[in-house]
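Please keep the sequence and the coordinates in view while reading.

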Amino acid sequence: MASSKDYLDFILEQLSDLEGVSCRPMMGEYILYYRGRIIGGIYDDRFLVKPVKSALAMMPEAIMELPYEGAKAMLLIDSVDNKEFLTELLKAMSEELSEPKKRKQSAKTQ
């Protein structure tokens, strides 16, 4: 089941206090970025984030779920209605997430 655009819009509105939140569609789902770093995504109308230390500390009771078959388990955010919590969560997570990889420029053919 693909995620709905309405759910994506709701989550993006909940994250609207943060600058640098973006998304990219990926096979019917959405990858979410904060300051260029992948934080998680929307999968089957569920907001899942990477299980980094700060997220685990802020959500000790969170359920781990698979975004799709064969993927690594991620944390399910069940408090999507709490805008302040989501803002603090992403701020805390951003310090732990790796920098975006620089894309190699292809050599020009002459």
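A residue is called buried when its relative accessible area is under 20%, exposed when it is over 50%, and partly exposed in between, with a 1.4 Å probe and protein chains only. Helices (H or I, at least four residues) and strands (E, at least two) are DSSP runs numbered from the N terminus. The model is predicted, so local features need pLDDT of at least 70 and side-chain atom pairs count only at pLDDT 80 or more, whereas totals for chains, interfaces and linings use all residues. Residues are numbered from 1 along each chain as its sequence is written, and side-chain values use heavy atoms, with hydrogens and water left out.

Two strands pair if DSSP finds at least two bridges between them. Here 6 strands form an open, antiparallel sheet in the order S1-S2-S3-S4-S6-S5. Strand S1 (21-26) and S5 are at the edges with a single partner strand each, so one side of each has no neighbour in the sheet. Helix H1 packs on this sheet and touches S1, strand S2 (29-34), S3 and S4, where contact means heavy atoms within 4.5 Å. The direction of H1 makes about 15 degrees with that of S2; axes are lines fitted to C-alpha atoms, for helices over the stretch in contact, and angles run from 0 to 180 degrees between N-to-C directions.

Of its 7 residues, 6 are buried, so S3 is largely enclosed by the rest of the structure. S2 and S3 pair in the antiparallel sense over 5 bridges, and Tyr-33 has Ile-38 in S3 as its bridge partner. These two strands form a hairpin with 2 residues between them, and Arg-35 in the turn has a positive phi of about 55 degrees. On to S4 (residues 46-49), S3 is joined by 4 bridges, again antiparallel, and Arg-46 in S4 is the bridge partner of Tyr-43. S3 and S4 also form a hairpin with 2 residues between them; Asp-44 in the turn has a positive phi of about 50 degrees.

Aromatic rings come next. Rings of Phe, Tyr and Trp (its six-membered ring) pair if their centres lie within 6.5 Å; planes under 30 degrees apart count as stacked, over 60 as edge-to-face and the rest as tilted. By this rule there are 2 aromatic pairs. The ring centres of Tyr-7 and Phe-10 are 6.4 Å apart with planes at 40 degrees, so this pair is tilted. Both residues lie in helix H1 (residues 5-14), 3 residues apart, about one turn of the helix. Tyr-7 is buried at 17% relative accessible area, while Phe-10 is partly exposed at 30%. The rings of Tyr-43 and Tyr-68 have centres 6.2 Å apart and planes at 50 degrees, so this pair is tilted. Tyr-43 lies in strand S3 (residues 37-43) and Tyr-68 in the loop between strand S5 (64-65) and strand S6 (74-76), so the pair ties together parts 25 residues apart in sequence. Tyr-43 is buried, with a relative accessible area of 7%.

The loop between S5 and S6 also holds Pro-67, which is buried at 6% relative accessible area. Leaving aside residues up to four places away in sequence, Pro-67 touches Tyr-43, Asp-44, Arg-46, Leu-48, Lys-72 and Met-74.
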